[in-house]
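The following questions and answers examine a single chain. Please consult the sequence and the structure as you read.

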Amino acid sequence: MAPKSDSAEGIVLNFVNEQNRPLNSQVVADFLQKFNLKKTAVQKALDNLAEGGKITFKEYGKQKIYLARQDQFEIPNTEELNQMKEENARLQEVLEEQKKSNSQLEGDIKSLQSNLTLDEIQSKDVQLRKQVKELEEKLTKLREGVTLVSPEERKLVEKTFSDAISHWRKRKRMFKDVWDTITENSPKTPNEFKEELGIEYDEDIGVSLQTYASLMPHGNKRLREK
């Protein structure tokens, strides 16, 4: 249910006086939506208040700007203004100190939130003790000379490594054949052409096929020599 006309005028008048700044009807209507006032009701209230001399207004083309009557406010003298400025400066200092205090408290809260709870600490302790026990058992087996990797697993790893070295060697040979063909009749030197295309050799990034090939098992010596 929409408020009565006199009630709407009272709400609008209070708002205009509290704001004490130039306002148009749209701004007033936006702020007073919580009172269920339509823009048409706000406009009517503003016009009635202006006609009754309770507020003032100025027209800028088709736009009306409304303002609270200034004669209803007490204008402070120079001494009062200075006191108000000093009080404002003091309050600004208090505000800055409060902001610093709030920032410190927020930091303390975040720090506390990042710490583990007692239950989490106990759970982490159990987990770490289990890991330590497993590592100690593995270390004991190593000291006793127990093989932790089965022959099958070792063979699979060696084959995978050997296959990778073989593919590397083949691709390196393929690149060299293509590169020699391209650069053979090129007016540019291989290094100039290489820099222009942004090509990097193994050595440019600190790797060596021969270094990795030397790690291969003795049984794959034939593969290394290909």
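Q: What percentage of the 226 residues in the chain is buried?
A: This is a predicted model, in which local features need pLDDT of at least 70 and side-chain atom pairs count only at pLDDT 80 or more, while totals for chains, interfaces and linings use all residues. Residues are numbered from 1 along each chain as its sequence is written, and side-chain values use heavy atoms, with hydrogens and water left out. A residue is buried when its relative accessible area is under 20% (1.4 Å probe, protein chains only). Of the 226 residues, the buried share is 16%.

Q: What is the radius of gyration of the chain?
A: The radius is taken over C-alpha atoms, and the globule rule is 2.2 Å times the number of residues to the power 0.38. The C-alpha atoms fill a box of roughly 110 × 65 × 50 Å along the principal axes. For a compact globule of 226 residues a value near 17 Å would apply, but the chain has 42 Å.

Q: In what order do the elements of the chain run?
A: Helices (H or I, at least four residues) and strands (E, at least two) are DSSP runs, numbered from the N terminus. The chain has nine helices and two strands. From the N terminus on, the order is α-α-α-β-β-α-α-α-α-α-α.

Q: Which residue in E2 stands opposite Phe-57?
A: Strands pair if DSSP finds at least two bridges between them; E1 (residues 55-60) and E2 (residues 63-68) run antiparallel and are joined by six. They form a hairpin with two residues between them, and Gly-61 in the turn has a positive phi of about 70 degrees. Opposite Phe-57 stands Tyr-66.

Conventions. Buried means under 20% relative accessible area, exposed over 50%, partly exposed in between (1.4 Å probe, protein chains only).
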